[in-house]
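Please keep the structure in view while reading.

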Amino acid sequence: AKTEIPVGLIIVTFLLFAAGASAQTTYRDPNGAFTVKVPAGWQSQRQQEGNGVTISKGDVSATVEVDAAEGGSTARQVLDGYEQQFAKQCPSPAVPPQRGNATVGGLQGAYSVLTCADQEHGSWMMKFAVATSNGRMLLFQVSAPSSQYSSAKPVLDSMADSFRPGG
């Protein structure tokens, strides 16, 4: 006696699997420092040190981190430090830094967008968005080839909007 599996059951099973495989997930920091949504098709890699994760697809990545803010630093002071580090690696930026206010993890903060172009890597941009509160620093950092940033921006913005500190 041969058992036949209804074709409809196979299709439903496949569709459920496909929906699960393409759905976004939520990354929860193991130390409870934050949560952030990981879009379908993107990979998350926990950082070796501190409370952070890098979420990437191809050459586009977002790093989410919650750390102690040194000595009561403001968001702008933290960003100044990132800009100085960036300047060492990119002595002649493609355009001057863009700066402004940002919401990071639901808190008011600030951002800097830095762009660098060189022969080896072409034009790249990095966006650092930082908020500080109660001795903590929240960071949402984006790194992408300039040519890919605008197409990835809606997904990156959605990720940034989903970032929430824990505790």
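Asn-134 counts as exposed, at 77% relative accessibility. Here exposed means over 50% relative accessible area, buried under 20%, and partly exposed in between, with a 1.4 Å probe and protein chains only. Asn-134 sits in the loop between β8 and β9. Its phi is near 50 degrees, a positive value in a residue other than glycine.

The model is predicted: local features need pLDDT of at least 70, side-chain atom pairs count only at pLDDT 80 or more, and totals for chains, interfaces and linings use all residues. Residues are numbered from 1 along each chain as its sequence is written, and side-chain values use heavy atoms, with hydrogens and water left out.

**Fold and confidence**

The protein has three helices and ten strands. Helices (H or I, at least four residues) and strands (E, at least two) are DSSP runs, numbered from the N terminus. Their order along the sequence is α-β-β-β-β-β-α-β-β-β-β-α-β. Of the 167 residues, 37% are buried. Contact means heavy atoms within 4.5 Å. Among contacts between residues at least 6 apart in sequence, 45% join residues at least 24 apart.

Mean pLDDT (the predictor's confidence in each residue, from 0 to 100) is 86 for the protein, and 86% of residues reach 70 or more. Confidence is lowest in helix α1 (residues 7-22), with a mean of 47, and highest in β2, at 96. Over residues 12-21 pLDDT stays under 50, and the model has zero contacts there beyond four places in sequence. Where pLDDT is low, the predicted coordinates should not be read in detail.

| Residue | Relative accessible area | State |
|---|---|---|
| Phe-34 | 2% | buried |
| Ala-129 | 8% | buried |
| Ser-61 | 16% | buried |

Phe-34 belongs to strand β2 (residues 34-38). Its contacts, not counting residues up to four places away in sequence, include Tyr-27, Val-53, Val-64, Val-66 and Phe-163. Pro-165 is another contact of Phe-34. Phe-34 and Pro-165 are 131 residues apart in sequence, yet 4.1 Å apart in space, C-alpha to C-alpha.

Ser-61 lies in strand β5 (residues 60-68). Leaving aside neighbours within four places in sequence, Ser-61 contacts Thr-54, Ile-55 and Ser-56, as well as Gln-141, Val-142 and Ser-143.

Ala-129 is in strand β8. Among its contacts, not counting residues up to four places away in sequence, are Ala-102, Val-104, Tyr-111 and Phe-140. From Ala-129 to Arg-76 the C-alpha distance is 9.7 Å, across 53 residues of sequence.

**The largest pocket**

What is the volume of the largest pocket? The value is about 260 Å³. On a 1 Å grid over the protein atoms alone, a pocket is an open set of points where a 1.4 Å probe fits, with protein on both sides within 12 Å along at least five of seven lines; lining residues have an atom within 4 Å of a point. The volume is the space filled by probe spheres set on the points.

The lining has 18 residues, and Thr-103, Lys-127, Ala-129, Ala-160 and Asp-161 are the closest to the centre. Elements giving two or more lining residues are β6 (95-104), β8 (122-133), β9 (136-145) and α3 (146-162). Helix α3 gives the most, with five.
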